[in-house]
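Please look over the sequence and the structure together before reading on.

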Amino acid sequence: AAKRSAPDRCDNRHQRMFPQRNQVTNIDAKSINPFTNATTSMNAYEIIKFILLGVLLPIRMIIILICCLFMVLIAQLSIIGITEQERSGKKPLSKHRQRFQFPCRVFARIILFLLGFYWVKIKGKPVSRSVAPIIVSNHRTFVDAMLLYILHAPCFVSKAEVAKMPLLGPVSIAMQTLFVERETATSKGSTLNGIKTRSEQVGWPQICIFPEGTTTNGKVVICYKRGAFVAGEVVQPIVLRYPYRHLDLSWVPAGPGTLMHVFRCMCQFINFVEVEYLPPHIPTQEEKGDAIMYANSVRTETAIALGVPTTDHTFEDMILVDDALRKHLPAESVNVEMSSMKTLYNVGISHRTKSDSNT
């Protein structure tokens, strides 16, 4: 058990600031586990879809692989000859290098189409970087980042492991992604400084952050990390929805594995996605001085737009669910809201390392 510092806590001040929150949903948030998946079991209808669309699966996979290879090629060409400051993410790429990467967005849209997302329903109006240098979104699926990349071509904040992934790694490096190592305080501090610097300096694209820090099933909005709000800049909240009847695209531990998830996604006649832009949130002076208050205000706005409650779940709860499933325990057996446990009992869990994941 490790003592948690105050700045990392997830408090419930939003419930006092927004008492209408509980009136929106009339749902017992405590009973909801945000890391479970509601995909229907295999039935005759799903089998028929597999037979009909499975024929096209190899062709789709080949085209997706070709698109990925072209994205990597363009990304690598775009950073040939860059300075050390640009390579280290201290200086933005020049405008012509950013424009050179545009075909990557086209190939990403082709991939999204092949995954069954034939169109994207958009509600609200996105604002420019000059109005809101940071955009924040709820996190549901493995296509969230690709979708927002197509729409905005922002700089992302991502876990350090992404940089080492085949295909995705080179592209994310060329996009000057801010990589953070969750286990290292120094890395977290460096990332916070990077977010603040990029939000203030001219020349950078918008910064895109998923403040929940992990994916959920969208039935609640879990704790927001403070990173996106420390700079005290205006942020525009984005709400992502994935309406479904059979396939729940939520990329969570208690659900289909990654390969099965992608396979079933490509064997749907159509997949739906909705992107809603909420009005930019201009922080008050109090919120500028209190990143947690700022984060909770934006989190509440997102929850109200989604029509769901907020909970005290965090990334650590996802780890607990994943570990429970590895030990063949039900996901509901560890639905405890670690943020509340830390506040009440000063207990926590260690982040899993690579060696731990194999045990």
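The expected span of a helix is 1.5 Å times one less than its number of residues, and helices (H or I, at least four residues) and strands (E, at least two) are DSSP runs, numbered from the N terminus. This is a predicted model, in which local features need pLDDT of at least 70 and side-chain atom pairs count only at pLDDT 80 or more, while totals for chains, interfaces and linings use all residues. Residues are numbered from 1 along each chain as its sequence is written, and side-chain values use heavy atoms, with hydrogens and water left out.

Helix α4 (residues 57–78) has 22 residues and should span 32 Å at 1.5 Å a residue, which agrees with the 31 Å between its end C-alpha atoms. Which residues of α4 are buried? Taking buried to mean under 20% relative accessible area with a 1.4 Å probe, protein chains only, they are Leu57, Arg60, Ile64, Cys67, Cys68, Met71, Val72, Ile74, Ala75 and Ser78. Because they cover an arc of only 165° around the axis, they lie on the same side of α4; the arc is that of the directions from the helix axis to the C-beta atoms. An α-helix has 3.6 residues a turn, so residues three or four places apart point the same way. The cover over the buried residues of α4 includes α3 (44–54), α7 (102–114) and α8.

We turn now to the sheet. Seven strands, or 7 in the order β1-β7-β6-β2-β5-β3-β4, form an open sheet with mixed pairing, where two strands pair if DSSP finds at least two bridges between them. Since β1 (121–123) and β4 (178–180) stand at the edges, each has a single partner strand, so one side of each is left without a neighbour in the sheet. Strands β2 (residues 134–137) and β6 (residues 235–241) run parallel and are joined by 4 bridges, and Ile134 has Val235 as its bridge partner in β6.

Finally, consider the interior. A nonpolar core is a set of buried Ala, Val, Leu, Ile, Met, Phe, Trp, Tyr and Cys residues joined through side-chain atoms within 4.5 Å. The largest such core has 41 residues, of which Met71, Leu115, Phe117 and Tyr242 touch the most other members. Helix α4 supplies the largest share of this core, 8 residues. A second, separate core of 22 residues includes Val180, Val221, Tyr294 and Val298.

Notes. Buried < 20%, exposed > 50% of the residue type's maximum accessible area, 1.4 Å probe, protein only. Contact = heavy atoms within 4.5 Å.
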